[in-house]
Amino acid sequence: MRIVCLVKNQQPLGATIKRHEMTGDILVARVIHGGLAERSGLLYAGDKLVEVNGVSVEGLDPEQVIHILAMSRGTIMFKVVPVSDPPVNSQKTVYVRAMIEYWPQEDPTIPCMDAGLPFQKGDILQIVDQNDALWWQARKISDLGTCAGLIPSNQLLKRKQREFWWSQPYQPYKHLRSTIYKEEFVGYGQKFYIGSQLRAPGCGASSCAGAVGAPYEEVVRYQRRPTDKHRLIVLVGPSGVGVNELRRQLIELNPDRFQSAVPHTTRSKKSYEMDGREYHYVSKETFESLVYSHRMLEYGEYKGHLYGTSVDAVQAVLDDGKICVMDLEPQGIQVARTQELKPYVIFIKPSNMSCMKRSRKNAKIITDYFVDMKFKDEDLQEMEDLAQKMETQFGQFFDHVIVNDNLQEACAQLLSAVQKAQEESQWVPATWVSSDTKS
Ligand SMILES: Nc1ncnc2c1ncn2[C@@H]1O[C@H](COP(=O)(O)OP(=O)(O)OP(=O)(O)O)[C@@H](O)[C@H]1O
């Protein structure tokens, strides 16, 4: 028998209890990392509770024991029969990016709701205990000083995801960005754009909405060394928000440092064009083989011709020691997320309606049919709705978010974010980094 005295001091004890199904004994179910019980080093999962403040717990329900504890102030005395083999946590701490959101209050299956850790898509979590196959203990890296909370394990979430997925009616794939594939054409001293519908690259079952993906992605800190290639900068945003404008302005600031990749096309070369400057001109067969071998980051069709940006074209910019900046459909992010490109994804977001009405008063949009059309309220509303959908569906992939209200400010923020992405250490998927480049 062991006597344990803990001073509660307005903080939770940091332990959960359960009743043994066969014997009816009240046992310590788990001890939460960083909580009072764990810091005392005197209570372990599996310890049998005999008395609390002199009151025997024999025959009591766990709820009744909790009630006694809740009523207690100051020092609490436990009489326990120690577990014969206290668990040793020999696991190393793992960091993951949450690819889903989790709200313990909405999960009736969590063993202890108060001990749950809520998190959002994209949050980086420090997992400190994976002893239980179903419920892990974790902290948010933004809040490492607090005690850990319970999160569903990978295995449990995958099971839940599969059950949820199978219970959903089939939903055909929908485009979020009703955008056009843009071809920048310079002629007669005037710049204009030609548009075409973009098809989603590699939209097989695995990349489409609704498919079951890993709920957590293991991440590590990555510090780019001066000799390493630059990270690809990917800009994502709803159609018309200003992705192209910002990319153009960034490149204009320093064309020796920032560059776009030269796209491929199956259309024939015009007299004033040069292969490899405006486009790489290739046959339909070559283009399709690039698509089938997953070497196209994005592609689309316009007036019977294919246009797209290849991994190799991006690599060529990076090999040249420059920073490649490209815009992508959010569905294309997964294709770009490779060790070779290490993309840093920046989401360009519209501000609220009244600000957008003011800032876009003189701006022009390009649609499939019209060039230079003013933004209507419906366009701005659609942009806001799309931005929301993108954040909900793809927010876990965004490394940085910029609200594009004032163009100059947004451009300055973009420049600073791009510099940080290249020069400061960042969380990236563990699979992108060999152990010698972890920071
Ligand atoms: N902050 C801003 N303030 C005012 N006008 C802006 C701002 N950002 C972009 N614009 C203007 O809005 C219009 C649309 O921008 P842009 O072409 O970059 O959109 P986009 O996000 O690339 O969408 P799409 O691919 O559908 O063209 C352009 O005329 C651009 O100059």
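This is a predicted model: local features need pLDDT of at least 70, side-chain atom pairs count only at pLDDT 80 or more; totals for chains, interfaces and linings use all residues.
Residues are numbered from 1 along each chain as its sequence is written.

**The whole chain**
- The protein chain has ten helices and 26 strands; helices (H or I, at least four residues) and strands (E, at least two) are DSSP runs, numbered from the N terminus.
- Of its 439 residues, 32% count as buried, and buried means that 20 or more other C-beta atoms lie within 10 Å of a residue's own (exposed is 12 or fewer, partly exposed is in between, and C-beta atoms are placed from the backbone).

**Domains**
- The chain splits into domain 1 (2-81), domain 2 (94-167) and domain 3 (224-425), with bounds from an automatic or database domain assignment.
- Between the centres of domain 2 and domain 3, taken over C-alpha atoms, there are 33 Å.
- An unreviewed UniProt entry puts the feature "domain: PDZ" at residues 3-84; UniProt positions follow the numbering used here, feature names are shortened, and annotations may be inferred rather than shown by experiment.
- Residues 3-84 are 18% helix and 37% strand.

**Helix α10**
- Helix α10 (residues 407-423) has 17 residues and reaches 24 Å from its first C-alpha to its last, close to the 24 Å expected at 1.5 Å a residue; that expected span is 1.5 Å times one less than the number of residues.
- A410, C411, L414, V418 and A421 are the buried ones in α10.
- Seen down the axis of α10, its buried residues fall within an arc of 100°, so they line one face of the helix; the arc is that of the directions from the helix axis to the C-beta atoms.
- Over on the other side of α10, Q408, E409, S416, Q419 and E423 are exposed.

**A look at S359**
- You'll find S359 in helix α8 (residues 353-359).
- S359 is partly exposed, with 18 other C-beta atoms within 10 Å.
- The C-alpha atoms of S359 and F398 are separated by 25 Å.
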